[in-house]
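This briefing is intended for a reader who has the sequence and the coordinates at hand. Please consult both alongside the points below.

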Amino acid sequence: MNNQDHSPGSISPLHMENLFNQTLSNISSALNDREKVWLIAEFLESTRPLPANLTYSFHLQLAGLFLYLTANFQPDCCPPEELKIYLSASRYLQSRFVGQLEENLFRESQNNLYFYLALNHLYLGELEEGLTALLSRQKINNKSSSFSSEEDFKELKKELTPAIPEIRQNAQSNELMAQVLFDHLKKFAGLGQDLDLVMEKWKSFSGWRDDSIYCSLVESSGLLKSAERARIISLESRCRQSTAVESQNLVRFSNLPAFSKEEIYLSATDAMEAADFSINKHFRLTLPPCTLIFSFSEKNFRYSGESLGLPLALIAIAQKLLSAESRYHLSFSREAAFTGKIDLTGEIKPIEAEGLGLKIRAAFYSGIKYLVIPASNLKEARGVLFNLLSRHPWRKLELIPARTLEDVLNDSRITLKKIDSYARYLFRKKKFTMRKWFLGLLAAGLVISSFILINRNPSYHFWKIRHPVVLELHNGNLFARNQERQLLWVYRPSKPIVAESLQQKFEDLDGDGNPEILVSGNYKSDEKLRSEIFCFNKKGEVQWSFRPGKRIQTLTDEFSNHFIINRFEVAAFNQNSPEKKVLIIANHTTWYPTQITLLNSRGEILGEYWQAGRLGRDTLVIEDLDGDGWKEIILAGTNNDFQSACLLVLDPRAIIGCSPSSGNPEFQFKDLPPGKQEYYLLLPRTTINKVMGIRNYVTLVEISREDRTIDVTTSEYSSEMDCGMKYSFDFNLNPLLSRPADSLIEKTKELVISGLVPPHALTELRSLKDIIRYWDGEALVNYPVRNKKLNF
């Protein structure tokens, strides 16, 4: 991998440190994860023969990043030989640092690498090697009792080996080879999920699309833009008709690197002209100018060369025909990749020999079945392909030479052409105009009929109905207005109310058909703020009011009676009763505690719960989680006692007590019983939060009724940045996944490189769900559990 002399006698500690710093510098400037993995593997391989005491700290510093990257990256167009180098490096790190890094890191790294090794072997038709990689992955997971020993692996391979030559002989493509092999493997338990994942990956190279096309493009590096490697990248496009002032085709790229804009825009302009020429020649159509918007599937791809012209022209033809609603519709095979220069008449020009070899190599090591190249490059291409086939003889890649755009459009293997009949075309073309006339006449008829009906029947004069629809604050007083902005009544509270704090809802609390008006706000005062919620009828009469809070004590402190309403919600918690109840979340004016109060429709207190920390405004969800007909209350925020984000679930039938305590007298409430919360979870703090913050907290809770999941978002670094963790739970509060935000990953990487946080701060992010703590009614445990003190 590296030709430098790193023999034990030729390197000093200073030289080693310089080599390490140079590697870190190269990693920080790498464009993608694959390049970073390659740089780390190259460093490990070149320095592995050196004395252990010389390389120990340097290898350990890179181990976490290498394992994290190899556990998550998706290598495309990657030869198996390269993946084996990464596997060798991962196993070396495991053997050297076992017990110092989490075992999960090594397992996830080798899991991912074995999966892509199997996938790439199957791309190449190397069924035995692909099967071996899948079985090795199973052995690491050790999930299935069907493969609990080495003998089971050998028995499976022995049974399938005689069938593999027949599979290769009869299959027309490498994908069909894999499908037939998988049909034989279905009877073996434990491999089903891996087989499904492989076929899911292969789906990206199947079907037909009219809005995207695969390109085989060369990636450049350095200031001289030297060709480094090629990749198969999806080019996507959408088209819209140009305005009257735009007399020519326009091209836009949504994610184009700045350093290659001019080169690509010139290719795109020529491709548009070639597309118009071919449409006129092949379809006998002259289409109006349009604006085509292109985007690449890769954001940080450094494109080099002029071979983008052919795919640009093809996708432009398909999109222009679609946008113009013509009789013709084109789709291109996802089994094919395209490369070649294009001139204004649609002739496909040759490309450089060096770039051609890289492109064929990229297609060869992917799931592509066809590679369309310029016809004048066919001889060189066959030579490159022959050399690759000498190493991987079972790969079925077909080169399709093309001289013009018409050659591509007429090839049924890569282009799907549909032509509408004249009758269907005319109906579709005029249908929109007919629909507009019909809808216009219908709308006019409805307006006239409504006007006549309302004019004849005064009871339909909605502008005269004296029901309040909005409450406004003027000089601290409440003004109720109807739909005509007419003033209905005024309420003057004992103290002026702060306008920004006003919250209002119109809800029928008692089920009598007349909605009550619920209003809450904070009083203006020279003292600390206080809140009050009022319930009015439509005439402006106060039915009841409630002030949250009371003087509450811990074993060391006493909190004043100054609480402000953060949020209130109205819900029918019992599906068998029409009565609605009012849930109030009130925070102390300092920071904690938080009071949760449930009132009935008459304003009477049904339950009260105290939380040693603040609960967020966007973290309240009311939903029936267990299907018993009672809706649970889901809340989240932070717990000052445990210095950690928290998630709790309350049952409206048992809102009592306080949040769990660690025993710290500063947060242990006096004269309050233990809370009867159904669930209480503490979400772990990330290392970056422990180093850079005081505590983490939940900022958002969402539910998906279709998937029956609860999604929780925490803030780990700064409230001004989206540096948080995403957690997903099922309705039984079992953790499904934990996922860091991209900005948190980038910030952690930056702090790891700067040395402010240790390397494991990055690798721990995807395993935090495994250390969520649950309150079981007596103590915190590390497994999902409901409060066992509940008797319902």
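The following points treat model confidence, two helix pairs and selected individual residues.

The structure is a predicted model. The mean pLDDT of the protein is 85, and 90% of its residues reach 70 or more. Helix packing is described for α2 with α4 and for α9 with α10.

**Confidence**

- Among the elements of the protein, helix α7 (residues 150-160) has the lowest confidence, with a mean of 67. Strand β30 (residues 679-683) has the highest, at 97.

**Helices α2 and α4**

- Helix α2 covers residues 33-47 and helix α4 covers residues 80-97; their axes come within 10 Å and cross at roughly 60°. Because of this angle, α2 is classed as oblique to α4.
- The crossing of the two helices, α2 and α4, is left-handed.
- On the α2 side, the contact is formed by Arg-34, Val-37, Trp-38, Ala-41 and Leu-44. Helix α4 contributes Glu-82, Ile-85, Tyr-86, Ala-89 and Leu-93.
- Sorted by class, the residues in the contact of α2 with α4 are eight nonpolar and two charged, with no polar residue.

**Helices α9 and α10**

- Helix α9 (residues 174-185) packs with helix α10 (residues 192-202) at an angle of about 160°, and the axes are 11 Å apart. An angle over 145 degrees counts as roughly antiparallel, so α9 is roughly antiparallel to α10.
- The crossing of α9 and α10 is left-handed.
- Asn-174, Glu-175, Ala-178, Gln-179, Phe-182 and Leu-185 make the contact from α9. Their counterparts in α10 are Leu-195, Val-198, Met-199 and Trp-202.
- The contact of α9 with α10 comprises seven nonpolar, two polar and one charged residues.

**Buried residues and their contacts**

- Arg-334 is placed in the loop between β7 (328-333) and β8 (336-338). Its relative accessibility is 10%, and Arg-334 therefore counts as buried.
- The C-alpha atom of Arg-334 is separated by 6.9 Å from that of Ile-213, although the two residues are 121 residues apart along the chain.
- Apart from residues up to four places away in sequence, Arg-334 touches Ser-204, Phe-205, Ser-206, Gly-207, Trp-208, Arg-209, Ser-212, Ile-213, Tyr-214, Ser-234 and Ile-368.
- Asn-522 belongs to strand β18 (residues 516-522). With a relative accessibility of 10%, Asn-522 counts as buried.
- Setting aside neighbours within four places in sequence, the contacts of Asn-522 include Pro-496, Ile-497, Val-498 and Ser-501. Leu-529, Arg-530, Ser-531, Ile-564 and Ile-565 are also in contact with Asn-522.

**Positive phi in residues other than glycine**

- Arg-284, which is not a glycine, has a positive phi of about 60°. This residue is located in the loop between α11 (261-282) and β5 (290-296). Arg-284 counts as exposed, because its relative accessibility is 66%.
- Leu-733 likewise has a positive phi, near 65°, in a residue other than glycine. The position of Leu-733 is in the loop between β33 (724-730) and β34 (735-740). Leu-733 has 0% relative accessibility and so counts as buried.

Key. Residues are numbered from 1 along each chain as its sequence is written. This is a predicted model: local features need pLDDT of at least 70, side-chain atom pairs count only at pLDDT 80 or more; totals for chains, interfaces and linings use all residues. Side-chain values use heavy atoms; hydrogens and water are left out. Axes are lines fitted to C-alpha atoms, for helices over the stretch in contact, and angles run from 0 to 180 degrees between N-to-C directions. Helices (H or I, at least four residues) and strands (E, at least two) are DSSP runs, numbered from the N terminus. Angles under 35 degrees count as roughly parallel, over 145 as roughly antiparallel, 65 to 115 as roughly perpendicular and the rest as oblique. A crossing is left-handed if the near helix is turned anticlockwise from the far one by less than a right angle, and right-handed if clockwise. Contact means heavy atoms within 4.5 Å. Ala, Val, Leu, Ile, Met, Phe, Trp, Tyr, Cys and Pro count as nonpolar, Asp, Glu, Lys and Arg as charged, and the others, Gly among them, as polar. pLDDT is the predictor's confidence in each residue, from 0 to 100. Buried means under 20% relative accessible area, exposed over 50%, partly exposed in between (1.4 Å probe, protein chains only).
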